Amino acid sequence: MTTKDLLYVKTVADEHNISKAAKKLFMAQPSLSQSIQRIEESIGMPLFHRTTTGLTLTFAGERYYHMAVQVLKMYEDFQLEISDINNLKTGHIHIGITNHLGTLVLPRVLPAYKNICPHVEITLHEENTAALEQQLLAGKLDFAVMHAPPERSSLSALRYELLSRDPFILVLSPDHPLLQKAVFQEGYPYPVLDLKLLAREPFLMLHQTQRIRQITDEVLLRAGISRPQTVLTLRSFETAQLLAARGMGVMLVPEQYSRIHSGQLQPARLCIDQAYGAGWDMCIATLGDGFLSKADQLFIRILKEQFPTAEA
């Protein structure tokens with residue numbers, strides 16, 4: 001059993017298709033098929049179910065895949081340690097980041113990093129938070145810049161180091177009747193509305209896999225709204241804000257994201273009382289027992305210098 005064997009099985013399992021896996025591995029399909037057959041013969045049992053819709057792992061295949069991920073991660077960590085020995089002259093880091101945080105973070109961090117480490121290759125994985133967490137667990141990322149989950153124990157294998165906090169606000173149409181019930185309070189940029197007044201309001205919601213939605217559900221639950229009236233569920237918070245401005249419903253959105261608005265009609269903005277804990281934390285997510293190379297650590301250090309650490 002070699003690292004190539006492990007990589008072959010892992011890639012076929014990830015792609016569910018020999019042809020796609022062969023292209024990803026830059027090898028001929030017959031050669032990969034023969035290699036998988038040889039591996040299965042050496043083990044004495046099949047690793048894949050061959051179906052009309054693709055390849056799926058057998059029980060033995062699932063155990064092999066789990067072992068392959070761990071061993072390949074150990075091998076990659078070893079290579080990173082060798083890179084450290086080369087004093088950052090070469091290397092390769094895999095960074096996960098959400099699309100909108102990429103717009104905010106990367107222009108402030110990457111130029112400084114590349115100035116120090118011009119020959120370290122960087123691969124960016126731009127995904128939503130749920131996908132980034134799964135890639136961290138699978139050992140595909142060194143670390144990710146994302147927003148922490150509302151419950152830190154949701155994925156105990158991951159570690160979340162908090163950086164900066166962004167409060168959530170309410171966006172709604174400029175002529176919404178609830179604007180008359182909001183009051184100005186010291187320390188808030190917009191008038192404050194009690195969330196309990198939203199119990200009968202229609203909501204624009206993002207999908208449950210999106211962190212904004214997860215935070216929204218937690219905050220509304222604290223306000224006693226366990227089953228909000230959802231008029232539309234969508235993935236784009238920009239579109240949701242445009243619809244809120246047009247009076248289709250109300251929406252909870254991070255204050256920083258509320259500034260990203262391309263429509264001519266601007267939504268009204270209201271603050272949420274701090275007692276509801278409405279906000280999210282930008283964080284660095286890592287695998288709890290994962291290895292961080294010097295190249296990784298330098299990127300994280302520059303990131304921390306650019307963004308203040310969130311208070312506990």
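## How helices H5 and H10 cross

In this predicted model, helix H5, which covers residues 99-116, and helix H10, which covers residues 294-306, have axes that come within 9 Å of each other and cross at roughly 135 degrees. Two packed helices are described by the angle between their axes together with the distance between those axes. An angle over 145 degrees would count as roughly antiparallel and one from 65 to 115 degrees as roughly perpendicular, and H5 and H10 are therefore oblique to each other. As for its handedness, the crossing in which H5 passes H10 is right-handed.

## Which residues meet

On the side of H5, the residues that take part in the contact are Val105, Leu106, Arg108, Val109, Leu110, Ala112, Tyr113 and Ile116. They meet Ala295, Leu298, Phe299, Ile302, Leu303 and Gln306, which belong to H10. Sorted by class, this contact of H5 with H10 is made up of twelve nonpolar residues, one polar residue and one charged residue.

## The chain around the two helices

The chain that holds this pair of helices has ten helices and twelve strands, and its C-alpha trace spans about 75 × 50 × 35 Å along the principal axes. Of the 312 residues in the chain, 46% are buried.

When contacts in the chain are counted between residues at least 6 apart in sequence, 72% of them join residues that are at least 24 apart.

Technical notes: Residues are numbered from 1 along each chain as its sequence is written. This is a predicted model: local features need pLDDT of at least 70, side-chain atom pairs count only at pLDDT 80 or more; totals for chains, interfaces and linings use all residues. Side-chain values use heavy atoms; hydrogens and water are left out. Axes are lines fitted to C-alpha atoms, for helices over the stretch in contact, and angles run from 0 to 180 degrees between N-to-C directions. Helices (H or I, at least four residues) and strands (E, at least two) are DSSP runs, numbered from the N terminus. Angles under 35 degrees count as roughly parallel, over 145 as roughly antiparallel, 65 to 115 as roughly perpendicular and the rest as oblique. A crossing is left-handed if the near helix is turned anticlockwise from the far one by less than a right angle, and right-handed if clockwise. Contact means heavy atoms within 4.5 Å. Ala, Val, Leu, Ile, Met, Phe, Trp, Tyr, Cys and Pro count as nonpolar, Asp, Glu, Lys and Arg as charged, and the others, Gly among them, as polar. Buried means under 20% relative accessible area, exposed over 50%, partly exposed in between (1.4 Å probe, protein chains only).
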